[in-house]
Amino acid sequence: MRKHLIQTTVLLAVALGVLAPELRAARRIEAIEGKKYTINKEHGPWMIMVAAFSQVRDDDDKIEGFSEMEAALKLVYELRLTGIPAYIYEQDGKIGHIDTKNRLRQSERRVFAERRPMISVLAGNYTNTEDSTARRTLDYIKNNFKADFLLENGARFRPTPGQPTPLSGAFFTINPLRSPEEVKAETIDPLLVKLNSPYNYSLFENKAEYTLVIATFTGRSVAYRDGAEGKKVKDFKVSDALNKAGEDANELALSMRNASKFGYGEDYEVFVWHDKYKSMVTIGGFNSPRDPKIQEFVEQFASKQQPQPNNPTQNVLVAEFFTVPKTPDFTKAEKYWLFDPSPRLMKVPSFQDRR
């Protein structure tokens, strides 16, 4: 049976794993030959466009070989074998119309293909394009991934200057099923990734949608760049004061996670979040802002009205605190931390890989 010749337009948009035997051992990606792994809105938000396949025009020569879908499925399978999650995205054709006049000055409407049907292969799931894994994956696909089958089964590759191989034009793109506004809302600042990755109990580990901020530590200055504007994230440094704020937040979280050792009735599920200006300790994970547990925590950690010691008729707002070991007088504790006067709800940053 004759099959359509495949014409590859190497657009490319893939993103996810470091690609080698050690990656395949660490992260198993399902790879079933011929299975159609279809992209959905949960993937991304940033990906790598690997290739786009379209059917040849009627006036093109036709020879035996892969159909456009067969070529796309084969490429997805080969990428998944290396540990890179890859997906199919089908784009329907679009017919356009234009009103014009013929040689006799008679009006007529012409039909043209405004957009040809196309099957794209995208790979990876990244929160931003500065992600080190994303960049290594893109480099691997462009320079090291073997896609010889694309040239051996009737495919026609039209090289572009500076892009000598079928996949050397790969590039970052957003998930085509998401709007730019959605991607912007979910894209994580690379600096925040750098600030939070080394710490235990990072808020990135929280799988819920919301968490409650109960303690805030502020440095006297903020994270800054060395040298000229525009350098990569690896050139960011953090001031000593902000570093100290981060250490305080991390120490409070560690102590609360082991609260039972210091005389408290239970350990607390708390997390740490560091940004460019402050560090925070949050408690709990909630999938709804109306979760009743939120109000329980607010009442537990918010500042309380108490009579002044020297004037019992006047109330003052007194902060709640956590001490090591537990004691009713924080001034006599080995260590202590004050909670924020008013705990506040925040959305959990989305950092988990989705496959």
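Biologist: Let me start with E266: in which loop does it lie?

Modeller: E266 lies in the loop between helix α7 (240-257) and strand β13; helices (H or I, at least four residues) and strands (E, at least two) are DSSP runs numbered from the N terminus. This is a predicted model, where local features need pLDDT of at least 70, side-chain atom pairs count only at pLDDT 80 or more, and totals for chains, interfaces and linings use all residues. Residues are numbered from 1 along each chain as its sequence is written, and side-chain values use heavy atoms, leaving out hydrogens and water.

Biologist: Now helices. Why do residues three or four places apart point the same way?

Modeller: An α-helix has 3.6 residues a turn, so they do. In α3 (residues 132-143), the buried residues are T133, A134, T137, L138, Y140 and I141. They cover an arc of only 165° around the axis, so they sit on the same side of α3; the arc is taken from the directions between the helix axis and the C-beta atoms.

Biologist: And in what order do the strands of the open sheet run?

Modeller: The 4 strands follow the order β13-β14-β10-β19, with antiparallel pairing (at least two DSSP bridges between two strands). At the edges are β13 (270-274) and β19 (344-347), each pairing on one side only. Strand β10 (residues 210-218) joins β19 over 4 bridges, and T211 stands opposite M346 in β19.

Note on methods:
The expected span of a helix is 1.5 Å times one less than its number of residues. Buried means under 20% relative accessible area, exposed over 50%, partly exposed in between (1.4 Å probe, protein chains only).
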